[in-house]
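Student: I would like a close look at one part of this model. Please keep it brisk.

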Amino acid sequence: MEQLLKHIGAYQALSDDARDALQSCLHEVVRAKQQYLVTEGKVCRHLYFLQQGALRGYYNVGEKSFTYWFAFENDFVTSFHSFITQQPAVENIQLLEGSVLWAISKEQLTGLMRQHHPIESLVRTIYEKYYIRLEERFVNAQFKTATERYQDLLQQNPHIIERVPLGYIASYLGISQETLSRIRKPI
């Protein structure tokens, strides 16, 4: 939990009361590789902080799955639409590695935001960072070639290549695994 509190401190200073209240609402979640945090059709009731491990978010469309994000240490993760609206999720969040997370329920987080303004500011920052990642992802998909998307991935997140299977990376880039192999060859 110390890692989480240190990470939060980089974004938002919390009073001792707010920090204690937050700590009392968090619980540790330990999951094995290939397990799920969220599955489509079920309401996502928790926001998670990923202390250790790797995850992917993906959609199923027919017989195919489409990976649209990865998360690693010090990321906040959830099915944001489902968590905020309390509607069933349309996505899946799967562990790519054994992982340790800290979870807080929607109800507890809402209560903390009402009682402690700095926690409300912290949550707004988390949502803003998610929105920025989503917009960057949209821009990349619309205006960059597959090669440019792969080169951006290598520059901005080289650890993904080491920790994520190539099939998921190809899906994330919106290309086939064969195309990814062709792009990687000269690089």
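Student: Which element gives the largest share of the lining of the largest pocket?

Tutor: Helix 5 does, with nine residues. First, the ground rules. This is a predicted model: local features need pLDDT of at least 70, side-chain atom pairs count only at pLDDT 80 or more, and totals for chains, interfaces and linings use all residues. Residues are numbered from 1 along each chain as its sequence is written, and side-chain values use heavy atoms, with hydrogens and water left out.

Now the helix. Helices are DSSP runs of H or I with at least four residues, strands are runs of E with at least two, and both are numbered from the N terminus.

Part of helix 5 is buried: Ile119, Ser121, Leu122, Val123 and Ile126. Buried means under 20% relative accessible area, with a 1.4 Å probe and protein chains only. Among the elements that cover these residues are helix 1 (2-11), helix 2 (16-25), strand 3 (46-52) and helix 4 (106-115).

Next, the largest pocket. A pocket is an open set of points on a 1 Å grid over the protein atoms alone, where a 1.4 Å probe fits, with protein on both sides within 12 Å along at least five of seven lines; lining residues have an atom within 4 Å of a point. The volume of the largest pocket is about 690 Å³. Volume here is the space filled by probe spheres set on the points, which are joined across faces, edges and corners. The lining has 24 residues, and Arg133, Glu136, Arg137, Asn157 and Tyr172 lie nearest the centre. Besides helix 5, strand 5 (64-71), helix 6 (146-156), helix 7 (159-163) and helix 8 (166-173) each supply at least two residues. By class, the lining has 12 nonpolar, five polar and seven charged residues. Ala, Val, Leu, Ile, Met, Phe, Trp, Tyr, Cys and Pro count as nonpolar, Asp, Glu, Lys and Arg as charged, and the others, Gly among them, as polar.

Of its 13 lining residues, Tyr11, Asp75, Phe76, Lys129 and Arg133 are the closest to its centre. Helix 1, strand 6 and helix 5 each give two or more residues to this lining. Helix 5 again gives the most, six residues.

Key:
Buried means under 20% relative accessible area, exposed over 50%, partly exposed in between (1.4 Å probe, protein chains only). Contact means heavy atoms within 4.5 Å.
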